[in-house]
Amino acid sequence: MMPGPTYVYACPDCQYRVTKRSLASGNTFGATHYSDMRVDAPMMPSYPRITKCERCECTFWLDETTQVEGAIMPQIAHFYDDDFTPSEVKNPAFGDQLELDPAKELDREDIKDALFMNVQRDDDDERYLRYRLLWAYHKQLEDGTLTREVLNEDLDYLENIDAILNLIKEDENGHLFRAELNRFAGRFERSLELLEPTLNDPLWGVISKKMKELSEAGNREVFVLDVP
Ligand SMILES: [Zn+2]
């Protein structure tokens, strides 16, 4: 894993600045793939694409539209740089702040608010937010801050699943994920229907059969994929 520069972003409303690291290169070695499309890759950390301002609570995208000119290089670069002097720490990108904190990921309620306020500019933004909302629910199940009983009654959870299904309806390779989304929603018949053509697929058959098993058992849980 090779870290890239750390960039600075300014809240468009109040100019409060935050940082976000970047990755020069990474890989998915040792990654855990989940059936809800989540990937935990220790060699490829992901950094937030959107955040909420800690000063004014405005939600903004961390991209070229909010990036401040000038970047903070990784500490390691300073370490090997003979010309580095401490005065360079006062980077103009800091604005009036002495220190910058890393931009925080949105939590579940923040993501719901962001979608409600229509911060998404295109389908890609919406996918980003809706996948993260789905994962936020599932991570809460994992860490025990949400129970299956409560989740099954959560209409926002179902509405988000339907919105994702709508977003991926044109995706050619989305069969298995569509089946999973229906299983998460408790629509087991639909899930089995979608899985049928993939059960004997040389590459995905094993995973598909596992999904079928879970659907037949009325199980709505996410599982870890044994990726071929
Ligand atoms: Zn702000």
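The model is predicted, with local features requiring pLDDT of at least 70 and side-chain atom pairs counted only at pLDDT 80 or more, while totals for chains, interfaces and linings use all residues. Residues are numbered from 1 along each chain as its sequence is written, and side-chain values use heavy atoms, leaving out hydrogens and water.

**Overall architecture**

The protein contains eight helices and eleven strands; helices (H or I, at least four residues) and strands (E, at least two) are DSSP runs, numbered from the N terminus. Along the principal axes, its C-alpha atoms fill a box of roughly 65 × 35 × 35 Å. Of the 228 residues, 43% are buried. Here buried means under 20% relative accessible area, exposed means over 50%, and partly exposed lies in between (1.4 Å probe, protein chains only). Contact means heavy atoms within 4.5 Å. Among contacts between residues at least 6 apart in sequence, 58% join residues at least 24 apart.

**Helix 3 and helix 5**

Helix 3 and helix 5 pack at an angle of about 140 degrees, and their axes are 10 Å apart. Axes are lines fitted to C-alpha atoms, for helices over the stretch in contact, and angles run from 0 to 180 degrees between N-to-C directions. The two helices are therefore oblique to each other; angles under 35 degrees count as roughly parallel, over 145 as roughly antiparallel, 65 to 115 as roughly perpendicular and the rest as oblique. Residues making this contact include Y131, L134 and Y137 of helix 3 and Y157, I161 and I164 of helix 5.

**Aromatic rings and charges**

Rings of Phe, Tyr and Trp (its six-membered ring) pair if their centres lie within 6.5 Å; planes under 30 degrees apart count as stacked, over 60 as edge-to-face and the rest as tilted. By this rule there are four aromatic pairs. In one of them, the ring centres of Y137 and Y157 are 5.1 Å apart and the planes lie at 70 degrees, so the pair is edge-to-face. This pair links distant parts of the chain, with Y137 in helix 3 (residues 123–143) and Y157 in helix 5 (residues 155–167), 20 residues apart. Both Y137 and Y157 are buried. Elsewhere, Y131, W135 and F177 form one aromatic cluster.

A charge sits over a ring if NZ of Lys or CZ of Arg is within 6 Å of the ring centre and within 35 degrees of the ring normal. The table lists two such arrangements.

| Charged residue | Ring | Distance to ring centre |
|---|---|---|
| R38 | Y34 | 4.1 Å |
| K210 | F223 | 5.5 Å |

**Selected residues**

Y9 lies in strand 2 (residues 6–10) and is buried, with a relative accessible area of 4%. Leaving aside neighbours within four places in sequence, Y9 is in contact with residues including Y16, V18, F60, L62 and V68. Y9 and E64 are 55 residues apart in sequence and 8.7 Å apart in space, C-alpha to C-alpha.

Most residues other than glycine have a negative phi. M37, which is not a glycine, has a positive phi of about 80 degrees. M37 is found in the loop between strand 5 (32–34) and strand 6 (39–40), and is partly exposed at 44% relative accessible area. N118 also has a positive phi, near 55 degrees. N118 is found in the loop between helix 2 (108–116) and helix 3, and counts as exposed at 55% relative accessibility.
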